[in-house]
Amino acid sequence: MDAHQPVMLPQVLAGLVPRAGGLYVDATFGRGGHAGAILDAAPGLRLHAFDRDPDAVAHARQAFAGRPGFTMHHANFDAMGEILTAAGLSGQVDGVLMDLGVSSPQLDDPQRGFSFLRDGPLDMRMDPTRGEPVSDWLARASADEIADVLYLYGEERASRRIARAIVHDRVAEPFTRTVQLAEMIARVMGGARGRIHPATRSFQALRIHINGELDALRAALLQSVEALAVDGRLAVISFHSLEDRIVKRCIRDTEALRAVERVFPDDAEAQANPRARSAVLRVARKLSSVVWS
Ligand SMILES: C[S@@+](CC[C@H](N)C(=O)[O-])C[C@H]1O[C@@H](n2cnc3c(N)ncnc32)[C@H](O)[C@@H]1O
């Protein structure tokens, strides 16, 4: 259950080029697949890891206890700048990794409420100690607000129909369970069509909204640029076009960054790990000096 295959691990290491004694940040620790490999990649290396999920932090504190050079922070990665500055590390980081989205253990645990296939409370918070669960938001949001979220973050074309049905049906029975919502969406959309479950896009949208994922990503990308030393590397793995667009634009529009490469998983990895199929890794380098043109 706890297994999480790190996506594009050799490509991430090739992109970050970990060096002996270097300082690295893993903004999305998860189960530490990438973090462990970075720590092992060169001697004397230091790694600051972040995760907003208390389960990921508990795992790190147990599985990585006593590993030299490792520090775990329970925080949203949009606080990375503040935390690194307080530690006197701003401008000194050799590489930042962001492996976005949710981990397999989060998806697999029905109690976290991410899965439309396994019944559980309709929660979806990566950090259940903060904010509100999706069920609370769906109980009070207007049909327009719900439709906007489904459309903007899920690119769901049936957003208005689904939102109206939620607002209508919640009067008789509030939406509190994942499968309850998934079945209602499937009904509204006329059952399963194609390969993906009809609730896939809506669940992605609600997750992005309730966790403020895109705002956190925008903020953390800018903070990463500040945190990096000259020639430092930024490596970001995205899993859908909304994330990848933000990463691409940030690299393109930030004067101090130069794109290094864009990488996709090879066929063998895509076969072996379904999560990897939609992944794209972008690597950028911080320039030695900003050239004004
Ligand atoms: C895809 S998993 C990372 C897996 C990890 N690379 C590994 O090899 O095990 C993403 C992780 O990032 C965390 N995460 C997502 N958004 C975050 C944010 N804004 N701040 C901090 N952690 C976040 C999630 O809680 C999750 O544990």
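Where in the chain does methionine 124 lie? Methionine 124 sits in the loop between helix H5 (104-108) and helix H6 (134-140), and I'll come back to that residue in a moment.

Some housekeeping before that. What we have here is a predicted model, so local features need pLDDT of at least 70, side-chain atom pairs count only at pLDDT 80 or more, and totals for chains, interfaces and linings use all residues. Residues are numbered from 1 along each chain as its sequence is written, and side-chain values use heavy atoms, with hydrogens and water left out. When I say helix or strand, I mean DSSP runs numbered from the N terminus: H or I with at least four residues for helices, E with at least two for strands.

Okay, the sheet. There's an open sheet of seven strands with mixed pairing, in the order E3-E2-E1-E4-E5-E7-E6. Pairing here asks for at least two DSSP bridges between two strands. At the edges you find strand E3 (70-74) and strand E6 (257-263), each pairing on one side only. E6 runs antiparallel to strand E7 (residues 280-286), over six bridges. In that pairing, valine 263 stands opposite leucine 281 in E7.

Now the ligand. There are 25 residues around the ligand, and those that come nearest are His34, Asp51, Phe77, Asp99 and Gln106; being near takes a heavy atom within 4 Å. Let me go through some polar contacts, meaning pairs of N or O atoms within 3.5 Å; within protein, one must be able to donate a hydrogen and the other to accept it, and residues adjacent in sequence count only if both atoms are side-chain atoms. Aspartate 99 has a side-chain N or O atom 2.7 Å from a nitrogen atom of the ligand. Arginine 52 uses its backbone instead: an N or O atom there is 3.2 Å from a ligand nitrogen. Then there's glutamine 106, with a polar side-chain atom 2.9 Å from a ligand oxygen. Taken alone, the ligand exposes 610 Å², and the protein buries 99% of that; those areas come from the Shrake-Rupley method with a 1.4 Å probe.

On to charges. The model has 18 salt bridges, where a salt bridge is a side-chain nitrogen of Lys or Arg within 4 Å of a carboxyl oxygen of Asp or Glu. One of them joins arginine 19 and aspartate 94, N to O at 3.2 Å. That pair spans 75 residues, from the loop between helix H1 (9-16) and strand E1 (23-26) to strand E4 (residues 93-99). Arginine 19 is partly exposed at 44% relative accessibility, whereas aspartate 94 is buried at 14%. Buried means under 20% relative accessible area, exposed over 50%, and partly exposed in between, with a 1.4 Å probe and protein chains only.

Another salt bridge brings arginine 285 and aspartate 231 together at 2.8 Å, N to O. Arginine 285 is in strand E7 and aspartate 231 in strand E5 (residues 228-238), so this pair ties together parts 54 residues apart in sequence. There's also a salt-bridge network linking Asp53, Asp55 and Arg112.

Back to where we started. Most residues other than glycine have a negative phi. Methionine 124, though, has a positive phi near 75°, and this residue is buried, with a relative accessible area of 1%. Glutamate 155 has a positive phi too, about 50°. Glutamate 155 lies in the loop between helix H7 (143-154) and helix H8 (159-169), and is partly exposed at 36%.
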